[in-house]
Amino acid sequence: MKADQQPQHYLVSEADYQGLQAEPDGKQEVAAKGCRDPAFAVAFLATAGVMVYYATQGFDTVFNSADDDCEGEDDGCISAGTIDDLLWGDDTDSDMGKLVSCFLGMAVFAALMCVVWMSLVMKYPESYITCGFYTYVCVIAICCGLAFTYGQAVTAMICLFILMVLWCQWRRIKARIPFAAANLATACTALNAHKSVMCVVIFMIVLSLAWSFTVALAASAIFNSSAQVSGIVVFLVLVAYYWGGMICANVSHVTIAGTVGSWWFSPPEDASSSYAVTSSFTRAMTSSFGSIAFGSLLVAMLEAMKQMCREAQRQNNSMLACCAACIIGCIEGLVRYINRYAFCYVGLYGHDFCAAGSHVFGLFNHRGWWTTLLNDDLIGNALNYGALMVGLVCGVGGLVVSKIVFTDASDGLMYVLTVYGFITGFVMACVTANSVYSAVATVYVAFAESHVALQNNHPDTFYRLYEAWNHFHPQLVTYIVVQQQAPYGQIYSQGEAQSAPVVSAVHVDQNGEPVY
């Protein structure tokens, strides 16, 4: 098929949907039923049980000591009167009900800003990525100008060097922007079809905060139980802390990957079903939980080792510890990056973690590490800038609210509303951006492995991605070959049902010879 010919539109039956899942492009198979990597799931549940046990002991210790410290009129305790003075100043007519209403209204405003932001990303993905890069250049240029103005020559030279690097980077990446934009737009389209997946993301964030609080209480009980705690115990507590946090984040990632996969492999009439989110979340918390715990444990151990090295560097000013922390940090970054795509395979096909990692290396060997890195860098930077802008807009909104709603607002009240608006907007935007970032990785994996399903179910989206891959990867362009008439599926032409063609993908080089 030539690049200027759109693929035929046809639907796929439920029976063929199962076939596509079982053998997408003949390259992947859905894993058999059952729990993958169960030993790591059991290990984490045992760790969680130990943390909860010690947290119950640490609860009384922490809060009883806090009550004892705040008895009387100690200067270290914050009273209700102090908070009133901060918010309302000399005005004794405080209006906490109005303040709470402002908080809720600003949270709604932040959510609306995220919706507007994602709508713009879906409609103008290429312009959005370009503007994101230009925004970064402008910020560095402003910093450079300020540094020269205030006589900070070293800082100004560093900024100039960064601008030179950005100029070279722009010459390298500007041709890749349409490719990144097509992946970004497809990811947003998939998430827009299943908006309820954001409820899972928010729930896992709350669960992560609860885990952090639990480990903090447990650490208090453990460290107060003896005069001297060994380094091994500290290391294990750090591993437990990072392990739980990483599992919460990766459960969200795998749920998003499964949800995008359901949209990818489902006909349009089924793509908006809420069962896609619930089934993906159920798989992430059951059959794939061991794989998630396995991958998260690797990152948690590396993160704990890095923190131990940094603490040794801080106490002993050791060059060896500094070098060790740097090396471990590089390894951790690589493992995190591989995990991001490995968990896409876990969410899409239900692989165990080792099999998923093997598929990631095969994907990168075919598609190229450099291409994937630059694609992620473009999209990641653009999403980060967008989250920052949403936070700034919400912060300004908080300042405006303090001026309009409260007459003669104190400086403390304006500060509280402004900071609250910025933090609320930025956090909501970061949650949205991370969800989109997970969906982008899933789209990249799914198109490389199972692009036929996308053509069958969402031909318009497929054609946009096909154009981008055809333009950017002409040596690995996917040609769609019509083989025969299918006994299943239907196309609709002038109201009459016809048999749909069976399609397969052949990867060829510029001379038309098959590559693999």
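Q: In this predicted model, where buried means under 20% relative accessible area, why is Lys-306 called buried?
A: Buried is the word for a residue under 20% relative accessible area, and Lys-306 has a relative accessible area of 11%, so Lys-306 is buried.

Q: What makes the contact of Lys-306 and Glu-303 a salt bridge?
A: The definition asks for a side-chain nitrogen of Lys or Arg within 4 Å of a carboxyl oxygen of Asp or Glu, and the side chains of Lys-306 and Glu-303 meet at 3.5 Å, N to O, so the pair qualifies as a salt bridge. The two residues lie in helix α11, three residues apart, which is about one turn of the helix. Glu-303 has 9% relative accessibility and therefore counts as buried.

Q: What makes the pair of Glu-332 and Lys-306 a salt bridge, and which parts of the chain does the pair tie together?
A: The N to O distance between the side chains of Glu-332 and Lys-306 is 2.9 Å, and the limit is 4 Å, so the pair is a salt bridge. Because Glu-332 lies in helix α12 (residues 319-349) and Lys-306 in helix α11, the pair ties together parts that are 26 residues apart in sequence. Both Glu-332 and Lys-306 are buried.

Q: Why is the ring pair of Phe-294 and Phe-353 called tilted?
A: Of the aromatic pairs, which come to 23 by the rule used, this one has its ring centres 5.1 Å apart and its planes at 55°. The centres have to lie within 6.5 Å for the rings to pair, and planes under 30 degrees apart count as stacked, over 60 as edge-to-face and the rest as tilted, so the pair of Phe-294 and Phe-353 is tilted. The pair links distant parts of the chain, with Phe-294 in helix α11 (residues 289-316) and Phe-353 in helix α13 (residues 353-367), 59 residues apart. Phe-294 counts as buried at 15% relative accessibility, and Phe-353 is buried with a relative accessible area of 8%.

Q: What makes the phi of Asp-37 worth a remark?
A: Most residues other than glycine have a negative phi. Phi of Asp-37 is near 50°, a positive value in a residue other than glycine. Asp-37 has its place in the loop between α1 (14-22) and α2 (38-69), and with a relative accessible area of 16% Asp-37 is buried.

Q: Why is Ile-404 called exposed?
A: The word exposed needs over 50% relative accessible area, and Ile-404 has 63% relative accessibility, so Ile-404 counts as exposed.

How values were computed:
Residues numbered from 1 in each chain as written. Predicted model: local features only at pLDDT ≥ 70, side-chain atom pairs only at ≥ 80, totals over all residues. Heavy atoms only, no water. Buried < 20%, exposed > 50% of the residue type's maximum accessible area, 1.4 Å probe, protein only. Phe/Tyr/Trp six-rings, centres within 6.5 Å; stacked < 30°, edge-to-face > 60°. Helix = DSSP H or I, 4+ residues; strand = E, 2+ residues; numbered from the N terminus.
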